[in-house]
Structure formats: structure tokens, C-alpha cells
Amino acid sequence: MAIAYRSGSTAGNASGGNLTVNAPSGLTDGDILVAVLYREAGTWTLPAGWTQWGSDQRDFNSQIYLSVAWKRASSEGASWTFNLSTTTWRVISIGAFSGCLASGDPIDVGPTGYNENTVNPIAISISTDIADAMCV
């Protein structure tokens, strides 16, 4: 089965603290949820069951931070609250994907860091090693 995008949801895009994001519509147990978390200061604390993938990517002035987290859907509620340690500009987008690995880490590879002089992540060429794994 091929990986397919099911739906997504977004919250924030404003200054504030903790952020509640609704579950994407049509979410099914076994779907993989991928959250992209943006903030300009502070630190995120992920809700139970979410796993940060890799390290924060930051710009060269350390003024913006981008994180990726994932979760395998299992009897999910209507939303999740991501806690932020300060008040700052923040946004979270969550995508739900079907057809991913049924167990283990579904993300095979992703960016390997960031360019010190720009805000671009380093991901020149990515190839998966595992069938039905995701490139993020």
C-alpha cells in the first residue's frame, strides 16, 4: 500500500503560548500523524504519545525554530495541546498519512541540519531504505 495524504489541520499563526490543534478530519487508527511545529522562542513540550523526530532546525540568528514530531493514531481525541514555555509567535500544522509502516519509527530520513547562512534545511538528496517509510 502506498503512503497517501489523508488530511491536515493547522492552529496558531499568531503570538501566544500553549497551542491546541484539532485532529485532521477522517483520521483512522494506524494513520501516521506528522506535526511541524514553528516557534520564535521557548521550548515545546509534546503531548503524550508524540515523538520528536530529529533535532530542532533553527535559523542562523537562532530567532526561529522548526521541529517535527510524529504519532501513530490510536483512538485519538478531537485535539492535542502542545505546551510552549513562553509567549511568542507560533504555528503548528499536522498532516495525517495512511499506508505507512504499521510499527516502529515511520520516518526513514529527513534533513540533516541547517545552513548556517540561510534558513534552508540541508536535504540535498534523500532516498528511503525501508519500504513504506516517509521522507520528511
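The model is predicted, so to speak, with rules attached: local features need pLDDT of at least 70, side-chain atom pairs count only at pLDDT 80 or more, and totals for chains, interfaces and linings use all residues. Residues are numbered from 1 along each chain as its sequence is written, and side-chain values use heavy atoms, with hydrogens and water left out.

Strand β3 spans residues 32-39; strands here are DSSP runs of E with at least two residues, numbered from the N terminus. Seven of the eight residues in β3 are buried, where buried means under 20% relative accessible area, exposed over 50% and partly exposed in between (1.4 Å probe, protein chains only). Two strands count as paired if DSSP finds at least two bridges between them. β3 runs antiparallel to β6 (residues 65-72), with eight bridges joining them, and it also pairs with β8 (residues 88-98) in the antiparallel sense, again over eight bridges. Ala35 has Ala69 as its bridge partner in β6 and Ile94 as its bridge partner in β8.

Salt bridges (a side-chain nitrogen of Lys or Arg within 4 Å of a carboxyl oxygen of Asp or Glu) come to two. In one of them, Asp31 meets Arg6, with the closest N and O atoms 2.5 Å apart. Asp31 sits in the loop between β2 (19-22) and β3, while Arg6 lies in strand β1 (residues 4-16), so the pair links distant parts of the chain, 25 residues apart. Asp31 counts as buried at 3% relative accessibility, whereas Arg6, at 34%, is partly exposed. Glu76 and Lys71 form a salt bridge too, the closest N and O atoms being 2.9 Å apart. Here Glu76 is partly exposed at 21% relative accessible area, and Lys71 is buried at 11%.

Terms used:
Helices (H or I, at least four residues) and strands (E, at least two) are DSSP runs, numbered from the N terminus.
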